[in-house]
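Open the model in your viewer and keep the selection panel handy. We will go from one stop to the next, with a note on what to select each time.

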Amino acid sequence: MRIFLVRHGETTWNAEGRYQGRTDTHLAPAGIEQVAALGARLADVDFAYAVASPLRRAQDTAQAILRANRGAVVPTLHTDADLIEISHGAWEGKLATDVSRDDAAMFAAWRGRPPATMAAGPGGESLAHVGVRAAAAVQRACAAASGENILIVAHDAVNRVILCDALGLSYEHVWSFDQAPATLNTLRGARAGELIVVRLNDASHVCPIDGDRVHGAL
């Protein structure tokens, strides 16, 4: 079984460095181009199951990938609420630069080695909570795919906890790797809970192999 774990394409808020969390933003023109490039790259992958966060930026990314797919049977896109992005609480809609100035201590703790129980902003959600629900979503997708290829389109924090779990890392290491807009990660294994990371933050479809495609807020 192979999981193709994708982060949605770039939004205007990503480009501005603004926390979006549960806010239902849509893809920017650059993000539409990014997901089209990823769709072309994955066009010959036979997906048995496809699932995305209910937020529009993830749904639109997944649909773009499936529209480009040349598999024998292109799956219907499913939605799983447990793949929704982490809530940033009072930080949502704010620029990361403003948060770093106005809430410096919490911001520094969050962007350092945050404990799993720390909220991602005042009134926000913890990584531990995201990890529980994301693992449940992955388990459901694996069960539905019956050992075949799976497309999962989610978000920065959601992808990070899924990857930390597969890598055997505590969530204190959640910032030890990047998740660029429209990036591709692949995981392989016999079942959920026994996955290894094959490809991590591969955005070569949207940037040079020796370059980085990043955004200003995490």
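A contact here means heavy atoms within 4.5 Å. This is a predicted model, in which local features need pLDDT of at least 70 and side-chain atom pairs count only at pLDDT 80 or more, while totals for chains, interfaces and linings use all residues. Residues are numbered from 1 along each chain as its sequence is written, and side-chain values use heavy atoms, with hydrogens and water left out.

**Stop 1: Glu125.** Select Glu125, in the loop between helix 5 (104-110) and helix 6. Helices (H or I, at least four residues) and strands (E, at least two) are DSSP runs, numbered from the N terminus. Is Glu125 buried or exposed? Glu125 is buried, with a relative accessible area of 7%; buried means under 20%, exposed over 50% and partly exposed in between, with a 1.4 Å probe and protein chains only. Now show its neighbours: leaving aside residues up to four places away in sequence, Glu125 touches Arg22, Glu85, Ile86, Ser87, Met118, Ala119, Ala120, Val130 and Arg133.

**Stop 2: helix 7.** Next, select residues 156-167, which form helix 7. Nine of its twelve residues are buried, so helix 7 is largely enclosed by the rest of the structure. Among the buried ones are Asp156, Asn159 and Arg160. Colour strand 1, helix 6, strand 4, strand 5 (184-188) and strand 6 (196-202) to see part of what covers them. Just past the helix, click on Gly168, which takes a positive phi of about 75°.

**Stop 3: helix 3.** Move to residues 56-67, the twelve residues of helix 3. Show the side chains of its buried residues, including Arg57, Gln59, Ile65 and Leu66. The buried residues of this helix pack against strand 1 (2-7), helix 2 (29-41), strand 2 (47-52), strand 3 (77-79) and strand 4 (149-154).

**Stop 4: the whole chain.** Zoom out and switch to cartoon. The C-alpha atoms fill a box of roughly 55 × 35 × 30 Å along the principal axes. Of the 218 residues, 50% count as buried. Where do the chain's contacts reach? Among contacts between residues at least 6 apart in sequence, 72% join residues at least 24 apart.

Technical notes
The expected span of a helix is 1.5 Å times one less than its number of residues.
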